[in-house]
Structures are given as structure tokens and as C-alpha cells.
Amino acid sequence: MTGDHTAGETGEQIRAIFDRARPRGAYHDILQTLAEGVTEVAGFAVAAISVLRRSGDFEVVAVAGDAGARDQLMGNFTPRAEIEAELAQADDWGALRFVPHSRLPEGITPGWVPDLEPVEDDPDAWHPLDLLMAPLRDEHGDVVGLLSVDLPASGRRPDAAQRACLTDYAERSGRALAQALQQRELSEGVRLAAAARQIVRRASAQLDVEGILAHCATEVVTGFQALGMWLQVFDEQGLGPSTLHSRDGTIVDLPRRLKRFAESAARAAWEQHQVAVSAHGRRNPGLLPDDEHREVLDFLGSIGVRSMVLVPLGAGSLCLGSLVLTRGPDAPPWSDIELATAQEMGHDLGRALSNARLLEREKRLAENFRDLAAYRSQLVDTLAHELKTPVTSIVGHLELLVDELLSGEHAETSPAQVSLRAMERGTRRLLGVLDDLLSLARTSDPTTIHVAQPVDLVSVVDRAVDAVGYSARRKSVRIVVETGSSPVMVTGDPDALERCCVNLLGNAVKYSPRDSAVSIVLHERPREIELSISDEGLGISEEDQERLFTEFFRSTNPTALQQPGTGLGLVIVERTVARHGGRIEVDSQLGKGSTFRVILPRP
């Protein structure tokens, strides 16, 4: 307050300033209005308002009265401990604290020192290093900020009237600042929550890391009102894929050395559960050595960036990447709510990256298993083919020898004939095994291309009955067919479907007692066709049913084991049916028989 104003006039001016601040609404506009108001009514040329952040630092958010002071002070951070050290040396002027230059704590230098020559021979002359501050408190008395003034118009320390003016102003400013902070936190919380939801929703919808990178960039920059962003993913080798996006389309070439700095800092930040703000005039967050931190700040300055936030991305104990957000010289400082939202988003994006990485790993494993299955099928196919040729030759020559020996006396009972018959049966069984291995290789090979065509299941059943008829007649087993006379069509491989039907019908006959019946029935449903084959044979235990479609599995029933078999027939059936988009079901009871149902989709 100057001598030209009465206390009443000054009070009116103060009220007018606060009335002016309220309708402007915007957080930074309100604080700038408050800072400018001090220079209008309190007789000081420079005023600054600092906000206490959750980190424990005071950040300068508004400076009025001098362009040089604004350039040097705006955005600066001062640790709370340093402010408290200054206040401990201060004279208590009620709401105000005055620290004479002679009592300034050692090692502490003000962020801006005015170009001022103190008035000589005046004990109340203002010194350039004098400090005058007022802690700003909310309605509960908690400190929310700091009002600092400098360069008095009189060149002297404030008198009682000026102190009263500053005290009134500081009390009003504390309440106004608390309200502005609450309003900003509420509006920013709503805005950032919506932005974060959109970012996380887009990221979570992606099934690979590249998709996450591609769909996050624009939303992150817009949501956090940033100048640009850089998202880097870490992998087993260190630095993985990344994306860099700027609001104005500027292309930035990041030095690899700085990428390594960011990786080191992000891993340290993840361990310490924090986000790190780096800016000119702000102390090193401690994630990097001072020389590396200065190198980062110098690079940021060279591309027009004033401040940046490093957000670690991770899940559990693993740091999976880093997100860097930047702002230019004229942008507002990072708020507590922005930093808290960024940290939470780092966890959400980390989980999305973790899920995408697991999916990619599962895809690679599935591809490896597919390649392995194809290799195994090709190996079995090759070996079976190579073995089948000589075995077929052996069977043919054995038949010739059998025919020759049959022409001699007592040929049927000669030792040579008995041996040849045994050899013939053994080679034919070996030939059957090779045929099953070839069929298994064809049905199991994921690279095999099957050309689908219309197939009449009635004809398939008829051919299967013809193939198994001789074996059934030898055991006096009746085959009862219920298919109707009209075609029942499906789409698929006719030869493969016939092999399935022959296999199931052959098993039913093989495990049926003499003078029993086997039924084969076709049922048409609205969306499916069911082929069921039932017998009155041995039946299958519940334990054996669980492993029925496992390669080379043979029943644990001793009676069933007396019948020849490879343990591959039902595996071939099950895989063939699956390739046709169908399924196979089994109902069986020991001693009562079994029913196998093949369900195929209608074309």
C-alpha cells in the first residue's frame, strides 16, 4: 500500500481484485490475477505465488511485475525443507515472514535477485537478498502455497500499513488458492478420468504390442495436453518397439544414449513407485546421475521442451516400458492430479502390455506346436510309406509260397505251411499298422489341405457295411441299418468320412459276441446330422472312456486286449470328425455295449 491510498480504499481494491479473479475461472488465470493484484495494492513491484505439490515441493505458478523475474522463477521448484529452513530464520510478522539477507541460510540462493542498490545509512533499506513471504493457508489452516514479494517501491522494508495490507491479501489469497486447487482438481479429475478410460480401453482392445503403440499416441497427447509423447517397450533384449508422437507433427530423432537413460530411469521409478518430473529450474528427481540428468535437460531444451514427465509402465514386479510426456515453455506445469493419473495409467498400460505379450508368446508357442505337429506327421508319413513298400512285397511273396506249398501232400499241416501262415498274418497286421499310421499322419498334419465337397452319408454307410459285412457274417453278427432312402448330405471328404464309418462299424463288430446285433442309424436335425453306431458287446469302463481318443491307447479290459489293434483307429476318427467341424460322443457300460455318435453340421 502506498501513501496515496487509505486503508479503506486499499480494502476496496483488494475486494475488487478477488471479484475480478473469480469470474475468470481458469486456474492459472486466477493465480496470475492474484499475483498481479499484489503489485497493484501492496507497493511491491514483483510478486510470485507458489503451490505446494504432493511431492513436498513448492512450484512457482504465477509471477507478476517483471518479465525477467517471470522468466527465471516460473515453473521453479523449491523443496519444502528449504522453505522451512528460511522460515526458521524469519521475523514473525503475523501472517508474514521476513528473512533479512544477513540471516539467509548458507547455501540458499533466491531464484531471482533484483538489480537494486540498497539505500545507504537506512537501517530499514531493502536489500536485494531480503525475503518477504506469507504462507497461504486454507480454511483449515493447512499450508497450500506461498506468496512472495520483492522490490518495494519505497526501497524500504514495509511499514505497518503495508504489512496489514499484505496480511489481508495473504489470508484472502490462501482461501482463493485452496478453492482454485479444489476446482481444478475436480475438473481435471473428470477430464483425465475420461481420457484415461479411453486410452486404456483402446490399449486393452489390442492383441499385440504394436497395436497398443499405434492406438495410444494421439489420445495420450490430447488427454494430457502434452506437446508430445514417447512410449518405449522393454523386452528380453532391452529396448523393444516404440512410438513417438508430437502434437504438431514434428519428427524427433532420439539419441540411443538418451533411450538408455530413459530405460534406466523407468526401471528405478517402477521400483520406487513414482513418476518423475524433469524441468529446467527443478531439482534432479534422483533417478539418474546429475551429469546424465543435465544431458537430458539440454536435449529437451534443444527441441523446445521445458518439462517432461517419465511414467514407468509395468505389472507386478516387472517394468515393461516407459511413457514420456512433454510440454513447451508456455504450457502450464504438471499438476498433482495429472501426475497421479499418469501413474495409474502406467499400471493400466503395463497390464495391457503384459496381456499382449502373453498373447504373443502363446501365438509363438502355438506356431511352434503346429510346426512340430506338421513335422511329426510328415515323419510318420515318410516312415510308413518307406516301410509299407517292402512289407507289401513280403506279403505278396508269402502268398506265392503258400500257394506252392498247398499243392504238396499234407501241405495244410506241414510245419513250413504253418510258419508261412503265421508270417502272413504278422505281415498283414504290420501292414494294418502302417495304414493306420498313414491315416493318422494325414488327419493330424495341420498343413494338409482338404477339399470339401457334397457327401451323401447314406452312400457312405452302405459302402462301410459292404466293407465290414464279411467279418460280421463270420461271427453271425447282424448289421441293422436305419438310414432311409433319401440322401443325407454333408460337406467334407468322402474317403475320410468312409474310413471313420468303417472304423467305428468294424470296432462294433469286432467287440460284439456271436449272434448279436449292431445298429447304424442316421438322424437328421435342424442344424446337425447324427450318425450313431451301437453294439451289444464288451462295453467300455469310465476310466477307459477318458483316454479313448489318446494315441496308441488300448483298453485295460483283458478280453478286449485279445483282439488285434493299434490304438489309433478312434484317434483317427476323432480328428477326422473335428476337421469336419463336428464332434464325437460315447455312451457305454461294461457288459452292455457301446454307442458312438458322430455329429456333423448340416451344409
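Predicted model: local features only at pLDDT ≥ 70, side-chain atom pairs only at ≥ 80, totals over all residues.
A polar contact is a pair of N or O atoms within 3.5 Å; within protein, one must be able to donate a hydrogen and the other to accept it, and residues adjacent in sequence count only if both atoms are side-chain atoms.

Numbering starts from 1 along each chain as its sequence is written, and side-chain values use heavy atoms, without hydrogens or water.

**Whole chain.** Show the cartoon. There are 15 helices and 19 strands; these are DSSP runs (helices H or I, at least four residues; strands E, at least two), numbered from the N terminus. Of the 603 residues, 47% are buried, meaning under 20% relative accessible area with a 1.4 Å probe, protein chains only.

**Gln232.** Select Gln232 in strand S8 (residues 228-235). Is Gln232 buried or exposed? Its relative accessibility is 2%, so Gln232 counts as buried. Now show Pro241: its backbone oxygen lies 3.4 Å from a polar atom of the Gln232 side chain. Leaving aside residues up to four places away in sequence, Gln232 also touches others, including Lys259, Leu320 and Ser322. Contact here means heavy atoms within 4.5 Å.

**The seven-strand sheet.** Select S1 to S7. They form an open sheet in the order S3-S2-S1-S7-S6-S5-S4, with antiparallel pairing. Strand S3 (77-79) and strand S4 (91-93) are the edges, each pairing on one side only. Two strands pair if DSSP finds at least two bridges between them. Zoom in on S5 (residues 96-99) and S6 (residues 131-137), which pair over three bridges. Val99 stands opposite Leu131 in S6.

H4 lies across S1, S2, S3, S5, S6 and S7, and runs at about 70° to S3. Angles run from 0 to 180 degrees between N-to-C directions, with axes fitted to C-alpha atoms, for helices over the stretch in contact.

**The largest core.** A nonpolar core is a set of buried Ala, Val, Leu, Ile, Met, Phe, Trp, Tyr and Cys residues joined through side-chain atoms within 4.5 Å. Which residues of the largest core touch the most other members? Select Leu457, Leu504 and Phe596, out of 35 residues. Helix H11 (457-474) and strand S19 (593-601) are among the elements that each supply at least two residues. H11 gives the most, with eight.

**Second core.** Finish at a separate core of 31 residues, among them Ala62, Ala134, Val149 and Ala176.

Note on methods:
Buried < 20%, exposed > 50% of the residue type's maximum accessible area, 1.4 Å probe, protein only.
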